[in-house]
Amino acid sequence: QGAPVNDYLGVFDACAQFNAAARRFALEIATGLDDLNEQDAPSDRYARSFRERVLGGRVVTRLLRYMPQGAGDPLANLHRDRCAITVHWFSSHPGLVVFGPDKKPIPMRDTDPSQVLMFLGEKAWIATRGKYGTGVLHGASNLSGAVPLQENRFVAVTFVHCALDPDLEWKEANRKQLDLNPAEYPL
């Protein structure tokens with residue numbers, strides 16, 4: 001559609017490498033969750049292989065730019081990613097905050113290039129029938145003014161999706177599980 005793709009082949013090649021690596025990582029996680037699922041009583045198992053669903057899903061890498069905000073201001077509001085598994089590669093400045101089951105924030109080492117952060121999203125909740133939670137609640141904040149007012153925060157993240165066609169009725173019937181009060185999760 002007229003985009004100067006040839007001018008930025010290096011960026012697109014890097015994103016393709018992120019996509020391939022994220023799919024490999026996600027398949028390992030999905031295989032592990034399927035193995036745990038198989039150890040449970042048949043009545044407590046989700047029916048279809050999560051790994052097979054991830055194998056058939058789309059993978060999208062996004063390079064995000066967060067505009068400057070004041071110290072302590074949210075850069076990304078509280079949310080769950082809609083994908084099955086998120087692979088967070090790197091942030092130029094700290095800010096990613098993940099919330100534990102106790103609703104307490106857990107700052108992440110999102111600027112460490114030697115670490116890859118991965119967490120489940122809403123589609124994992126659907127595909128596994130909630131067995132492993134509703135997806136990790138998270139957001140981003142300009143913690144202690146780590147991002148100077150004149151600078152942007154850049155993030156490389158890959159979203160691994162999975163097929164959900166037969167599960168939409170279950171999703172709608174259980175949507176209340178996704179309700180949350182943002183005031184209980186201070187960024």
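Predicted model: local features only at pLDDT ≥ 70, side-chain atom pairs only at ≥ 80, totals over all residues.
Colleague: Let's start with the rings. Why is the pair of Phe 18 and Trp 89 called stacked?

Modeller: Two values settle that. The ring centres are 4.7 Å apart, and a pair needs centres within 6.5 Å, so Phe 18 and Trp 89 qualify as a pair. Their planes sit at 25 degrees, and stacked means under 30 degrees, so the pair is stacked.

Colleague: Then what makes the pair of Phe 25 and Trp 89 tilted?

Modeller: Here the centres are 6.0 Å apart, with 40 degrees between the planes. Ring pairs link Phe 18, Phe 25 and Trp 89 into a cluster, and the structure holds five aromatic pairs.

Colleague: How do you know that the pair of Phe 18 and Trp 89 ties together parts apart in sequence?

Modeller: Look at where the two residues lie: Phe 18 is in helix H1 and Trp 89 in strand E3, so the pair ties together parts 71 residues apart in sequence. For Phe 25, also in helix H1, and Trp 89 the separation is 64 residues.

Colleague: Why is Trp 89 called buried, and what makes Phe 18 partly exposed?

Modeller: Trp 89 has a relative accessible area of 11%; buried means under 20%, so Trp 89 is buried. Phe 18 comes out at 25%, which lies between the 20% and 50% cut-offs, so Phe 18 is partly exposed. Phe 25, at 32%, also counts as partly exposed.

Colleague: Which members of the largest nonpolar core touch the most other members?

Modeller: Of its 25 residues, those are Ala 22, Phe 50, Val 54, Ile 85, Trp 89, Val 160 and Cys 162. Helix H1 gives the most to this core, with six residues. Leaving aside its neighbours within four places in sequence, Phe 50 is in contact with residues including Leu 33, Ile 85, Ala 124 and Cys 162.

Colleague: Cys 162 again. How do you know that Cys 162 is in no disulfide?

Modeller: The nearest cysteine sulfur belongs to Cys 83 and is 8.9 Å away. A disulfide needs sulfur atoms within 2.5 Å, so Cys 162 is in none. Cys 15 goes the same way: its nearest cysteine sulfur, again that of Cys 83, is 16 Å away. A search of the whole structure finds zero disulfides. On accessibility, Cys 162 is buried at 6%, and Cys 15 is buried at 14%.

Colleague: On to charges. What makes Lys 103 and Glu 184 a salt bridge?

Modeller: Their closest N and O atoms are 2.6 Å apart. The limit is 4 Å, so the pair counts as a salt bridge. Lys 103 lies in the loop between strands E4 and E5, and Glu 184 in the segment after helix H4, so the pair ties together parts 81 residues apart in sequence. Lys 103 is partly exposed at 33%, and Glu 184 is partly exposed at 37%.

Colleague: And why is the pair of Glu 38 and Arg 45 called a salt bridge?

Modeller: The closest N and O atoms are 3.6 Å apart, which is within 4 Å, so the label holds. Arg 45 is partly exposed, at 30%. The structure holds 11 salt bridges, and Arg 53, Arg 129 and Asp 167 are linked in a network of them.

Notes: Residues numbered from 1 in each chain as written. Heavy atoms only, no water. Core = buried A, V, L, I, M, F, W, Y, C linked by side-chain atoms within 4.5 Å. Buried < 20%, exposed > 50% of the residue type's maximum accessible area, 1.4 Å probe, protein only. Helix = DSSP H or I, 4+ residues; strand = E, 2+ residues; numbered from the N terminus. Contact = heavy atoms within 4.5 Å. Phe/Tyr/Trp six-rings, centres within 6.5 Å; stacked < 30°, edge-to-face > 60°. Salt bridge = Lys/Arg side-chain N within 4 Å of Asp/Glu carboxyl O.
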